[in-house]
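Visitor: I should like to learn how to read the features of a model such as this one. May we begin with the aromatic rings?

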Amino acid sequence: MANPLPPSPDTFKIPESVLVLIYTPEQDVLLIRRTDWGTWQSVTGSKDHPEESWLDTAIREVQEETGIDALHTSCQLQDWELENVYDIYPAWRWRYAPEVSRNTERVFGLCVPQRLPVVLSPREHTEAQWLPWHAAADQCFSPSNAEAILMLPRFLASSSP
C-alpha cells in the first residue's frame, strides 16, 4: 500500500494508543476489519493530543469506530490497567515523528448488554463481526489484541461478585 503525503510535525500521530475490547456478558467479542490491510481487530486508536486521558481516548475511539456510546448506562467501560509497548510496524512508521519507533497501548474492556449493531467509519473499517472470545482471538492480526481477548475470561472472573 502506498503512503499518502507524509504528515507535518503538527500532524504526527502520538505514540500512545488504546485497545478497547468490546464484549458481551456471554463473552462474544466485536471485531472490525481495517480498510487498509484487511485485518481484524478490536477498537484501537491514538490520543488526539498529549493531554488527552487514556479514558477519554477510549471513549472517543469507541464512538468513532463503532458508534457505541461507552458511557451509556447499559455499558461498563473498565481500564484493565495493562500497557503494551511494542515496535511500530515499519509500514506505519511514516505516520509518526522520525525519532519515534515504539508505541504504548493501554488496554480497556467495554462490556455491552448484548451483540449491538455498529456504525463503522468507512474510512477506517469495512465490516464488523461478533465472535466467541476464543474464535475472535484467532482472527486478530495484532498479537497484543489476541492476548487481550485471551485474558477476557480471567478479567470477568476477577470482577464477579
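**Reading the model, feature by feature**

Guide: The structure holds four aromatic pairs. The model is a predicted one.

Visitor: What is the geometry of the pair formed by Trp 37 and Trp 92?

Guide: Two quantities describe a ring pair, namely the distance between centres and the angle between planes. For Trp 37 and Trp 92 the centres are 5.9 Å apart and the planes make an angle of 70°, an edge-to-face arrangement.

Visitor: Which parts of the chain does this pair tie together?

Guide: Trp 37 belongs to the loop between β2 and β3 (40-41), and Trp 92 to the loop between β5 (76-87) and β6, so the pair joins parts that are 55 residues apart in sequence. A further pair involves Tyr 89 and Trp 92: with centres 5.4 Å apart and planes at 85°, this pair is also edge-to-face. Ring pairs link Trp 37, Tyr 89, Trp 92 and Phe 141 into a cluster.

Visitor: Is Trp 92 buried or exposed?

Guide: The cut-off for a buried residue is under 20% relative accessible area. Trp 92 has 16% and therefore counts as buried. Trp 37, at 40%, is partly exposed, and Tyr 89, at 36%, is likewise partly exposed.

Visitor: Where does the charged end of Lys 47 sit?

Guide: The charged end of Lys 47 sits over the ring of Trp 54, 4.3 Å from the ring centre.

Visitor: With which residues is Leu 152 in contact?

Guide: Leaving aside neighbours within four places in sequence, Leu 152 is in contact with Leu 21, Tyr 23, Gln 27, Val 29, Trp 80 and Trp 133.

Visitor: What can be said of the backbone at Gln 27?

Guide: Most residues other than glycine have a negative phi. Gln 27, which is not a glycine, has a positive phi of about 70°; its place is in the loop between β1 and β2. Glu 81 is also not a glycine and has a positive phi, of about 55°. Glu 81 lies in strand β5 and is exposed, with a relative accessible area of 62%.

Visitor: Which residues does Ser 46 touch?

Guide: Ser 46 is part of strand β4 (residues 43-46) and, at 10% relative accessibility, counts as buried. Beyond residues up to four places away in sequence, Ser 46 touches Lys 13, Ile 14, Glu 16, Ser 17, Thr 57, Arg 60, Glu 61 and Tyr 96. A polar atom of the Ser 46 side chain lies 3.4 Å from the backbone oxygen of Ile 14. The C-alpha atoms of Ser 46 and Glu 16 are 5.6 Å apart, although 30 residues separate them along the chain.

Visitor: Which element has the lowest mean pLDDT?

Guide: Where pLDDT is low, the predicted coordinates should not be read in detail. The protein chain has a mean pLDDT of 91, and 92% of its residues reach 70 or more. Among its elements, α3 has the lowest mean (89), and helix α1 (residues 54-66) the highest (98).

Conventions. Residues are numbered from 1 along each chain as its sequence is written. This is a predicted model: local features need pLDDT of at least 70, side-chain atom pairs count only at pLDDT 80 or more; totals for chains, interfaces and linings use all residues. Side-chain values use heavy atoms; hydrogens and water are left out. Contact means heavy atoms within 4.5 Å. Rings of Phe, Tyr and Trp (its six-membered ring) pair if their centres lie within 6.5 Å; planes under 30 degrees apart count as stacked, over 60 as edge-to-face and the rest as tilted. Helices (H or I, at least four residues) and strands (E, at least two) are DSSP runs, numbered from the N terminus. Buried means under 20% relative accessible area, exposed over 50%, partly exposed in between (1.4 Å probe, protein chains only). A charge sits over a ring if NZ of Lys or CZ of Arg is within 6 Å of the ring centre and within 35 degrees of the ring normal. pLDDT is the predictor's confidence in each residue, from 0 to 100. A polar contact is a pair of N or O atoms within 3.5 Å; within protein, one must be able to donate a hydrogen and the other to accept it, and residues adjacent in sequence count only if both atoms are side-chain atoms.
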